[in-house]
Amino acid sequence: MTDKRNEGPEFRCSGCGIRLQSEEQNKPGFIPQQALDREPVICQRCFRIKNYNESSSVTVEQDEFLRLLGQIGGQEALVIHIVDLFDFHGSVISGLQRFIGTNPVLLAVNKIDLLPKVTNWNKVRNWVQKEAKDLGLKVEDVVLCSAKQSSGFDRLLDALQSYRGDRDVYVVGATNVGKSTLINRLIRDYSDLEQELTVSRYPGTTLDMVHIPLDDGKAIIDTPGIMYPSRYTEWVSPQDLGVLLPDKPLKPAVYQLNEGQTLFFGGFGRFDFIQGERQSFTCFASGRVPMHRTKLERADDLFRDHAGELLSPPNRENLEKLPEWTRHEFRIPKGSRSDLFISGLGWIKVNNDVGAVVAVHVPKGIKVLVRPSLI
């Protein structure tokens, strides 16, 4: 069977969509000449990700992403915007409306399998709708789903049928939100293509638009994941990425803290309870991120002396590659139920409504904000 993406004078990688070339090994799309006869035809980078789970530093510039996104505005299209529920405010594409014009948007909220089973999903859906609206996103519908468990996927297919009409479907999202996993489900359900996309936990796996022909002559178009440097996951080494990204349901860790106490998230970040009545805070982070409690007055010395060792991961070598830490202070008002969100690392829920003054320390540039509690 012929893959339509590889017809004509130029070959494209059927894993990530990039134009293939055999001249420059360090550039995107490199394939050794002798591998051109293999089926399927995939670039060396996808080959290594698929067969050796090996990362690659080949990425596409931000301007190139925005240029590709900008093409959608001139098309008649349905846009599926995939976000990661664990990193909601880090993975929403800000200003999406500006690029896609009046095309309708379905918001697919992936990784719901990470929340506790007893979660009230109606409340989560309402929370997503409100936060999306506050971020300037106009959406036709919100679908909660788990690409990993294939749950909620029938609802996404139903919504796609309802809103698509005779349009093409563009799938957009930041890196690591589970886009390629969802696309592969669409390929299996909608297309007779035999080749699936490269699925990887490394950022920026899809490098160019990948066209998946549908039976009615239209196409599903997978776009590259946008890389936001405000997300912790874009900064860390491959082994630390495996620590940060949860792959099992989150086990909330509850801490009763007095003012003047600090929690370290390994060597990734730090939370200070500066002022307020004794109260409890619940930490939602990957189970592989170790927690360490200490006194606020000792916290600076502890980090200086033990970062990369007692406070790890990251190890010292990987820690030195990250930007210097910066401090964000917040006053949580009385009567509010709030989360302190750290993009890519998780969030800390303030359980009491008596108010508090708190601070978060993370590498400079990582998005930190206070939001209404998700759970």
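Lys111 sits in the loop that runs between S2 and H5, where helices (H or I, at least four residues) and strands (E, at least two) are DSSP runs numbered from the N terminus. Its phi is near 70°, a positive value in a residue other than glycine. Most residues other than glycine have a negative phi, and most peptide bonds are trans. The model is a predicted one, in which local features need pLDDT of at least 70 and side-chain atom pairs count only at pLDDT 80 or more, while totals for chains, interfaces and linings use all residues. Residues are numbered from 1 along each chain as its sequence is written, and side-chain values use heavy atoms, with hydrogens and water left out.

Pro313 is placed in the loop between helix H9 (296-306) and helix H10 (316-320), and Pro314 lies in the loop between H9 and H10.

S2 belongs to an open sheet of six strands, ordered S3-S2-S1-S4-S6-S5, with mixed pairing; two strands pair if DSSP finds at least two bridges between them. Strand S3 (141-144) and strand S5 (210-213) are at the edges and have a single partner strand each, so one side of each is left without a neighbour in the sheet. From one strand to the next the twist averages 20°. Angles here run from 0 to 180 degrees between N-to-C directions, and axes are lines fitted to C-alpha atoms, for helices over the stretch in contact.

What side-chain pairing do Asp141 and Arg125 make? They meet in a salt bridge at 2.7 Å, N to O; the term means a side-chain nitrogen of Lys or Arg within 4 Å of a carboxyl oxygen of Asp or Glu. Asp141 lies in strand S3 and Arg125 in helix H5, so the pair ties together parts that are 16 residues apart in sequence. The structure holds 15 salt bridges.

Another open sheet has five strands in the order S7-S10-S14-S13-S16, with antiparallel pairing. Strand S7 (253-257) and strand S16 (368-372) stand at its edges with a single partner strand each, so one side of each is left without a neighbour in the sheet. The twist averages 25° from one strand to the next. Strand S13 (residues 338-342) pairs with S16 in the antiparallel sense over five bridges, and Leu340 stands opposite Val370 in S16.

The structure holds one cavity of 30 Å³ or more, and the largest cavity has a volume of about 40 Å³. On a 1 Å grid over the protein atoms alone, a cavity is a set of points where a 1.4 Å probe fits but cannot get out, and lining residues have an atom within 4 Å of a point. Grid points are joined across faces, edges and corners, and a volume is the space filled by probe spheres set on the points. Phe65, Leu68, Leu69, Thr223, Pro224 and Ile226 line the largest cavity.

Technical notes:
On a 1 Å grid over the protein atoms alone, a cavity is a set of points where a 1.4 Å probe fits but cannot get out, and a pocket is an open set with protein on both sides within 12 Å along at least five of seven lines; lining residues have an atom within 4 Å of a point.
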